[in-house]
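Please work through the exercises below with the structure in view. Each task is followed by a solution in steps.

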Amino acid sequence: MKKALMVAGILSATLNLYAQDSTKTVENAKGSFTFSGYAEAYYSYNTGQPSNHLAPGFLYNFNRHNELNLNLAMVKANYTSDRVHANVGIMGGTYTQYNMAAEPEALRYLYEANVGVRFGKVWIDAGLMPSHIGFESAIGKDCYTLTRSIMAENTPYFEAGAKVTWAPNDKWTFAALYLNGWQRIKKVDGNQTPNFGTQITFKPNARILLNWSTYVGNDFPDSTRKMRYFNDLYGTFNITDKFSFIAGCDYGLQQKEKGSSDYSTWYSPIIVARYAFTEKFAMAGRAEYYNDKNGVIIATDTPNGFKTTGFSLNADFTPVNNIMLRLEGRLFDGRDKTFLKKDTPTSTNDAITASLAVWF
């Protein structure tokens, strides 16, 4: 924890250093370097009043209860030329502490580190990259809602491997990936199984984007191999300049035992809508459902597993171009008593969260 706070302090100092400019770009004959940063502080109050100050265990962002904290602070350097690009980002905060807990300590503070080269219309990228699954990221300002959805928190935020991307025109993009695993930098010990991903995006016009991403692999040692097959479908629809929404659904299957023809399944539909009343003020609402009866992703040890409906409503205020103030109320309603209130099992959980984000 001391190391995480030290990294957060260094990142905050770097943000202050560059705060006077909205971006820092250095150009030369071969390409350009861009330096950017992002930091988001928050306070969250959970009605479950957990004694350990932790929100439900399936949440990795904004998950500290009744304390002021830093969700994510990140500085990033980007190099771009006609045929080569590269990204390096370092980070700190509670997102880093909890989302990267399974990685070697030396790698936990890497947000991304990758390089890519172009051959005609094909890009080949390798390294640590943002996930090809989902429409949300840890960068809060890029998301409709303050907190992340259940589906986002329980699918990869990052991936390590190689990616080949082909964009034949402005409407279609195709990608194939070879990965170290399901949100893994370091492969699971005893695992030699290759992991693969695909992504297809279609933009019929400037207001609509449709996406289909997949993952196929094994996240266990080969001695207990359980193949996982996962689909992520969503669309973003900018109906007007003020109103937009995102609708999607995840569906996954995983073998119950090595070599078995029986599979556990889970799925999660979601819809998120946003309305911008002015350039400075907007609101967004979310409705979601997560069904993981067999506890593949979220284990509960209850009769019906994790079957939970979630709702949230947030308000965003952007007084200037690089600062955002947000306030959100969120409710979870489970089929079983999968939550705790003052350490007593209950079927519901509520939280109010406020955040302040700044970027350059």
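The model is predicted, with local features requiring pLDDT of at least 70 and side-chain atom pairs pLDDT 80 or more, while totals for chains, interfaces and linings use all residues. Residues are numbered from 1 along each chain as its sequence is written, and side-chain values use heavy atoms, leaving out hydrogens and water.

**Exercise 1.** Describe the overall build of the protein.

*Solution.* 
1. The protein has three helices and 19 strands (DSSP runs: H or I of at least four residues, E of at least two).
2. Its radius of gyration is 21 Å, close to the 21 Å of the globule rule for 360 residues, so the protein is as compact as a globular protein of that length. The radius is taken over C-alpha atoms, and the rule is 2.2 Å times the number of residues to the power 0.38.
3. Of the 360 residues, 46% are buried (under 20% relative accessible area, 1.4 Å probe, protein chains only).

**Exercise 2.** Characterise the surroundings of Glu40.

*Solution.* 
1. Locate the residue: Glu40 belongs to strand 2, residues 32–46.
2. Examine charge: Glu40 is buried and has no salt bridge (a side-chain nitrogen of Lys or Arg within 4 Å of a carboxyl oxygen of Asp or Glu). Arg326, the nearest side chain of opposite charge, is 5.0 Å away.
3. Examine contacts (heavy atoms within 4.5 Å): beyond neighbours within four places in sequence, the partners of Glu40 include Phe62, Asn71, Arg326 and Ser355.
4. Examine polar pairing: the side chains of Glu40 and Ser355 make a polar contact at 2.9 Å (N or O atoms within 3.5 Å, one able to donate a hydrogen and the other to accept it; residues adjacent in sequence count only if both atoms are side-chain atoms).

Methods. Buried < 20%, exposed > 50% of the residue type's maximum accessible area, 1.4 Å probe, protein only. Lys, Arg positive; Asp, Glu negative; His and termini not counted.
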